[in-house]
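Good morning, colleagues. Please look at the sequence and structure now on the screen.

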Amino acid sequence: MSAAGSTELTDDRAALVRQAFRLEYMTLAWMTIEAAVAIGSGVTTNSLTLTAFGIDSLIELASAGVLLWRLTVELRHGQTFAENAERTASRIGGALLFVLAAYVVASAAWKFWTQQGAEFSLLGLTVSVLAIPIMYFLARGKLQLANALGSRALRADAVESITCGWLAFVVVAALVAQLLVGAWWVDPLASLGIVLFAIREGREAWQGEDCCDQHCK
């Protein structure tokens, strides 16, 4: 990095970058818990909705890791290199979300064909309820920092946190319906709601910064 480039990181910007790192570390911690609980509960209760939610959490976990890497690269090698790296990683994340959508559709079709239901999971309901305010807090903080830093990557990550919050709401609704109705078709039907979010989020990740900018305006 040139001498001129090294002076670009002011004390105020450095403080904002440190805040961004803290938010991403918090995201990593929560997504690890969320993924483990959701997938574990989903497998135990045969819940496609919970399992898909957990897989999405793993993708979000990877996204947070990519952003940490991107912020580090920007500090060391400059913004242009970091944006190129983030764009490639973002497309990989988008592809994984499309794969998740295909998996849920195929699994839901099989469940409808075989009429397989799922058991209610109190642990899954608990982690889903907690995810809603946690994702709201993280997304709000990321959006504020994204605007302050002018970071499209951080803004994209905030959008993913917003989507995760909505996914959690879908899971909560599905589990409550499962508890009240108890019908076998509730779980596969509710899981299709995750498909809509996965496709939307995957398209945004694949298209990159322009789509993200439109979403956050």
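Which residues are linked in a network of salt bridges? They are Glu 24, Lys 142 and Asp 157. A salt bridge here is a side-chain nitrogen of Lys or Arg within 4 Å of a carboxyl oxygen of Asp or Glu.

Two remarks on the basis of these values. This is a predicted model, in which local features need pLDDT of at least 70 and side-chain atom pairs count only at pLDDT 80 or more, while totals for chains, interfaces and linings use all residues. Residues are numbered from 1 along each chain as its sequence is written, and side-chain values use heavy atoms, with hydrogens and water left out.

The search of the whole structure finds 3 salt bridges. Between Glu 24 and Lys 142, the closest N and O atoms are 3.7 Å apart. Glu 24 belongs to helix 2 (residues 11-45) and Lys 142 to helix 5 (residues 122-149), so this pair ties together parts 118 residues apart in sequence. Helices are DSSP runs of H or I, at least four residues, numbered from the N terminus.

Lys 142 also bridges to Asp 157, at 2.7 Å between the closest N and O atoms. Asp 157 lies in helix 6 (residues 152-181), 15 residues from Lys 142. Both Asp 157 and Lys 142 are buried, meaning under 20% relative accessible area with a 1.4 Å probe, protein chains only. Glu 24 is likewise buried, at 0%.

Finally, Asp 187 and Lys 111 meet at 2.9 Å, N to O. This pair links helix 7 (residues 186-207) with helix 4 (residues 79-114).

Notes: Helices (H or I, at least four residues) and strands (E, at least two) are DSSP runs, numbered from the N terminus. Buried means under 20% relative accessible area, exposed over 50%, partly exposed in between (1.4 Å probe, protein chains only).
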